[in-house]
Amino acid sequence: MCLGIPGKVTETYREHDMLMGKVDFGGVFKRVCLEHVPESKIGDYVIVHVGFALSRIDEGEARQIFNFLEGMNELGELQLGGPDEVPR
Amino acid sequence: MSKVIDFDQLSCPVPLSNYEHVLLGHGSGGRLTADLIQRLFLPAFGNEILSALEDQATVSLSGMNGLRAPRLAFTTDSFVVRPIFFPGGDIGKLAVHGTVNDLAVGGAKPLFLSAAFILEEGLAMVDLRRIVSSMREACALAEISLVTGDTKVVDRGKGDQIFIATSGIGIVPDGRALSIRAARPGDRILVSGTIGDHGIAIMSVREGIEFETVLESDSAPLTDLTRVMLEACPGIRCMRDPTRGGLSSALNELAVASGVGVELHEASIPLRPEVRGACEMLGLDPLYVANEGKLIAVAPPADADRLLEVMRSHPLGRNAAIIGEVVEDHLGMVTMHSVVGGERVVTMLAGEQLPRIC
Amino acid sequence: MKYLDEYRDPAAANKLRQALKTATTRPWTIMEVCGGQTHTIVKYGIDELLPPGIELVHGPGCPVCVTPLELIDKAIAIASQPEVIFCSFGDMLRVPGSRRDLFGVKAAGGDIRIVYSPLDCLRIAEQNPARTVVFFAVGFETTAPANAMAVWQAKRRGFKNFAVLVSHVLVPPAMTAILASPTNRVQGFLGAGHVCSVMGYEEYEPLADRFGIPIVITGFEPLDLLEGVYRCVRMLEEGRRGVENQYARAVQRQGNAAALRLIRDVFEVTDRKWRGIGTIPQSGFRLSSAYAEFDAERRFAVEGVQVAESSVCISGQILQGLKKPHDCPVFGKSCTPENPLGATMVSSEGACAAYYNYGRFRHPAPAATGKLEKVNV
């Protein structure tokens, strides 16, 4: 389940006392409820599901997989350090 | 957690095999439409020309009363698009170009058009005037004459504003025999430009899922493009205009009719970013979205590159691309190689493609 | 499109494939819970890209598939009433009830409308004060904040002509039920990324611990799935249990605080029946008592229809990952997307439809070296 697509916040405004945004998906714009990601700013990317932003994309985390793959490049083989574990 | 769940209960509804009413899906150009044609219309009218199920019927009047006459292409179409005015056009423009293109992709020169209007009582005259004016412009652009027509009015509430039904006649030069049965393994599949533009433009103003975009319908007459294509490459096997049901329906029908397989390459399919964005947002597959003003062509391998060049130098073919080939495998099926390397089958849509949440 | 295209890069996908191949020394069975992930796997042919021995099984992560028959029948009954405008996400319209689906109701004259967002329903309610707008609030936890907001807004703005038919289901109880089953084959999970962007993943830690398995919270693009499988395999190979977060760009351990506050106000946890599985305790949401006036089941007092179970459809076993669609005797024959026998074929997220539409019935995936256990039905 859960079709959630990243889009860029281009405008914010309030409607019926909810924080709303105009979000850009590659050139099509949709009005999206930002109430659950109230810290969103213009220029941020959010994941949108059924017209609601669920989370803001963390740019640093988004790069992790590519850093990992580059690490593979440099070593020319598999990087053996385990990925971060959740502290328990 | 107390008790272990017993998983051995099966749950399944009574199967739905017969619909008692016509569904919207029967008009979507996918498998339900195909079933309706096969089970209801063909048995009723059964003749060779109809059963070929080409986009147009090529008929010959030669030999009647000692006549020598050119072959005629004869087609019919009907237009029920909602809303009737949409970004890039209206139902009237669509009606003219759509009919013209059904003829043009058969290699015919479109000459004459008929139009029957079914109007709902209460339709604003200013709207009707606008549609008719748009049709006049479209006829001029397509160099076709509207030579006969009809008008009916139905009670308010019995006919959603306006429906238009058309017929078109064109001439097919001697020796030309394009057909959906003519594809051969090794042939290349070309598309004349970006896909999904029309369907997404319509969807952008559809109630419940509307969104803002600069995207417009790509409705346009393809007569001139097909003319230059056939001049440069008389060996073209087949051309189709992928309207309802999108690229997928057109190619699936081709694969079945020709008894071949088709393989596409996702990375080669031209797509506008806005169409892509809308499809991602709504969970739609662009292969199933309707097109206007676009065609697919099947060409012998030796001709493909030259044909591509010719298409690209035409205003309506700027974004033309070779998107796949005809193969001997998986006969009657269309597959696609995804951008990351795996392969999937592109099946015929069952009914309407719906936006999804999953 | 940013944050999509990079995650579909073929060169990167290839590197992950290689990494996975090197890391895999034994066969493993991994379940992806979420229908959206199934969709991507089959659409991009990802299972073809995995090393032999890695078997992906598709879990019950499709809220459309698992909505119980009785609720579909209730939806149909409500939608058939003349004063009702019945609003739904597109996915639900072709799910078969006992006798017909919502498309059939539309064909017979019902006012059925597809909406993109639950808030669209409020607009329709505003424009149609003489009619009652009923919204089919289906989904996992991902859709709960949106559905909750519609109800919360309705109460705040004093709507009298709006109701919701709730069919929310929760992922952790379903995973628990699968893991606790004596016929369970699953050794590791790809957790549902968007569910966790709402709920966080704290609640999966005790699960991983109790059953000694890895759970990797995974996204939805090809690279996400390949990386998710890779990290899961690494944990399995190294005998590690616990929860890892592959989808860290969108998921935090504590989830979305604002969304959680709203969900906890509007909904409360309840037992739910899952189509193809049965009742799982504490596995769904219903409206909390403060919002009871918006409960369509109460407002319309519809009685569910008890239906005789069919024995042909094996949706149940597919939803639990015990069988693959091509194991079913009627797959692709009497059961197809145009003529679905079960929910897994109807929903485009259902494993059967995904397989059919992407053609696995012609190209069955090579069998994993671990054999399928025979299940007594």
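# Reading a predicted structure, feature by feature

Guide: Let us start with a surface feature: helix α1 (residues 31-45) of chain B gives the most to the nonpolar patch, with three residues. Helices (H or I, at least four residues) and strands (E, at least two) are DSSP runs, numbered from the N terminus. This is a predicted model, in which local features need pLDDT of at least 70 and side-chain atom pairs count only at pLDDT 80 or more, while totals for chains, interfaces and linings use all residues. Residues are numbered from 1 along each chain as its sequence is written, chains are lettered from A and ligands numbered from 1 in the order in which they are written, and side-chain values use heavy atoms, leaving out hydrogens and water.

Visitor: Which residues make the nonpolar surface patch?

Guide: Patches are made of residues with over 30% relative accessible area and no salt bridge, like charges being joined within 9 Å and nonpolar side chains (Val, Leu, Ile, Met, Phe, Trp, Tyr) within 5 Å. Here Leu40(B), Phe41(B), Phe45(B) and Leu50(B) make a patch of about 380 Å², the area coming from the Shrake-Rupley method with a 1.4 Å probe, where for residues only the protein chains shown count as cover.

Visitor: Is Phe41(B) buried, exposed or partly exposed?

Guide: Buried means under 20% relative accessible area, exposed over 50%, and partly exposed in between (1.4 Å probe, protein chains only). Phe41(B), which is found in helix α1 of chain B, has a relative accessible area of 38% and is therefore partly exposed.

Visitor: Why is helix α2 of chain C described as largely enclosed?

Guide: Nine of the nine residues of this helix (residues 35-43) are buried, so the rest of the structure largely encloses it. Among them are Gly35(C), His39(C), Ile41(C) and Lys43(C). After α2(C) comes Gly45(C), whose phi is positive, near 65 degrees.

Visitor: Which residues does Ser338(B) touch?

Guide: Contact means heavy atoms within 4.5 Å. Not counting residues up to four places away in sequence, Ser338(B) touches Glu266(B), Lys43(C) and Tyr44(C). Ser338(B) sits in the loop between β13 (334-337) and β14 (343-345) of chain B, and its relative accessible area of 7% is why it is called buried. A polar atom of its side chain lies 3.1 Å from the backbone oxygen of Tyr44(C).

Visitor: How much area is buried between chain A and chain B?

Guide: The size of an interface is often given as the accessible area lost when the parts come together. Buried area is the accessible area (1.4 Å probe) that two parts lose on being put together, summed over both. Between chain A and chain B this is about 1,200 Å², with carbon and sulfur atoms giving 62%. Leu3(A), Val28(A) and Lys30(A) supply 44% of the area that chain A buries against chain B, more than any other three residues. In terms of contacts, 14 residues of chain A meet 16 residues of chain B.

Visitor: How many salt bridges does the rule find across the interface of chain A and chain B?

Guide: A salt bridge is a side-chain nitrogen of Lys or Arg within 4 Å of a carboxyl oxygen of Asp or Glu. The rule finds two across this interface, and one joins Arg31(A) to Glu212(B), with the closest N and O atoms 3.0 Å apart. On the side of chain A that touches chain B, the elements giving two or more residues are β2 (18-25) and β3 (28-33) of chain A, and β3(A) provides the largest share, four residues.

Visitor: What pattern does chain A follow along the sequence?

Guide: Chain A has one helix and five strands, in the pattern β-β-β-β-β-α. Of its 88 residues, 52% are buried.

Note on methods: Polar contact = N/O pair within 3.5 Å; in protein donor to acceptor, adjacent residues only side chain to side chain.
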